[in-house]
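Open the model in your viewer and keep the selection panel at hand.

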Amino acid sequence: MSDAKEKGDGTKVVTAGRREEWTQGIVSPPVWRASTILYDSVAELRARGARDTHHRLFYGRRGTPTQWSLAEALTELEPGAEATLLYPSGVAAIASALLAVLHPGDELLLVDSTYDPTRNLANGLLKRFGIHTTYYDPLIGAGIADLVTERTRAIFLESPGSLTFEVQDIPAIVGVAKEKGLVTFLDNTWATPLLLPAIEMGIDYSILAATKYVGGHSDVMLGSVTAAKGRYDALRATTYQLGQTASADDAWLGARGLRTMAVRLKQHGESALKIARWLKEQPEVARVLHPALPDCPGHEIFLRDFKGGSGLFSFVLAGGDDTARAALIDGLAHFGIGYSWGGFESLAIPIDPDRYRSATKWEAEGPAVRLQIGLEDADDLIADLEAGLARFREARG
Ligand SMILES: Cc1ncc(COP(=O)(O)O)c(C=O)c1O
């Protein structure tokens, strides 16, 4: 589709999807809001419906140049991809991709460290429609072959896991999937295609909660699924049947965020690593779960496969209880307490991964905290955490 491979990341995110026919000379494609599209005649209305509606105005749910532009930009970031569709949230993107592939009676292999709502989807809606889920150890690698039965249809990966950050051996799992004819999905929200080109690595559906790094400003809900060659038609058919669509306003916010994603990711990554290394030296901290540090399961794989890290990681406290952990988090000045991540502002939340596991066991030296490192000065964040660890120490006794 493009020469995106030869361009640098900054150039890619700045230029991608800005077709002149969509921008009309304006730098960013404007917001084309639409439900009704008007036709000149009955004959034209009928003819338009009979033709391929891809990138043609037809009816609002099929999008306008605003959505097409962001979708095309995301496709250009994934060398080897066929096309991308947008969704009103990351969870909607995950659900649509899974429903595009799975049938009643199928079995899904789902990584045990996955984002909790993905688990809820598997244990709720998918189960209700007769799809069985088997959870697997994120570190299973090629050993996943042992879990494949004749009912297995697909493997869902999330790497690293967004609470506990285990890094999966994607090439090994993709190798098994290809050998056995299984479809692969990757929740690539943490790395984005800039740090992990999923489709090039053989993944069939690369999924983003674009709410996070694509949006980048904590003001939009958006998801995307990018399909490998030959995988798009099934995704499009199911997405249309489900009536899934992202609004032009939200797509515009996503595209606006995307233009700065490469520089933001670099800064998130750099600050997160600095803070993770600092935390590692603190006596109140038992372990830092950042893929770039050796404490993190799958660290070697991270070094082999990823181009860098982003801004989200966790750490485990040395002893203490929920109250001591709350003392740390509650008094933080620069970290908000709230869900989501990928925005310009730092966040801290308590995490209790043992509640979201079935194939593996979470064992820790104390309670854990997840940090989203924003674009504030890293030294200010470190000073804030230093004071937080002092509060923790006092409360722990
Ligand atoms: C790893 C991961 N995937 C998917 C999602 C879901 O995205 P959304 O909140 O846009 O539905 C999230 C949200 O936190 C996430 O952390």
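**Stop 1: a serine in a loop**

Select Ser-162, which counts as buried because its relative accessibility is 8% (buried is under 20% relative accessible area, exposed over 50%, partly exposed in between, with a 1.4 Å probe and protein chains only). The model is predicted: local features need pLDDT of at least 70, side-chain atom pairs count only at pLDDT 80 or more, and totals for chains, interfaces and linings use all residues. Residues are numbered from 1 along each chain as its sequence is written, and side-chain values use heavy atoms, with hydrogens and water left out.

Ser-162 sits in the loop that runs between β4 (152-158) and α7 (170-180); helices (H or I, at least four residues) and strands (E, at least two) are DSSP runs numbered from the N terminus. Now show Ser-113, Tyr-115, Leu-312 and Arg-370, which Ser-162 contacts when neighbours within four places in sequence are left aside (contact means heavy atoms within 4.5 Å).

**Stop 2: helix α11**

Select residues 261-280. The 20 residues of α11 should span 28 Å at 1.5 Å a residue, and the end C-alpha atoms are 28 Å apart, which agrees; the expected span is 1.5 Å times one less than the number of residues. Among the buried residues of α11 are Arg-264, His-268 and Trp-278.

**Stop 3: the largest pocket**

Select Leu-163, Tyr-339, Ile-349, Ile-351 and Tyr-356, which lie nearest the centre of the largest pocket, out of 17 lining residues. Next, colour β10 (347-351) and α6 (116-128), each of which supplies at least two lining residues. β10 gives the most, with three.

Conventions. 1 Å grid on protein atoms, 1.4 Å probe; cavity = no way out; pocket = protein on both sides within 12 Å on 5 of 7 lines; lining within 4 Å.
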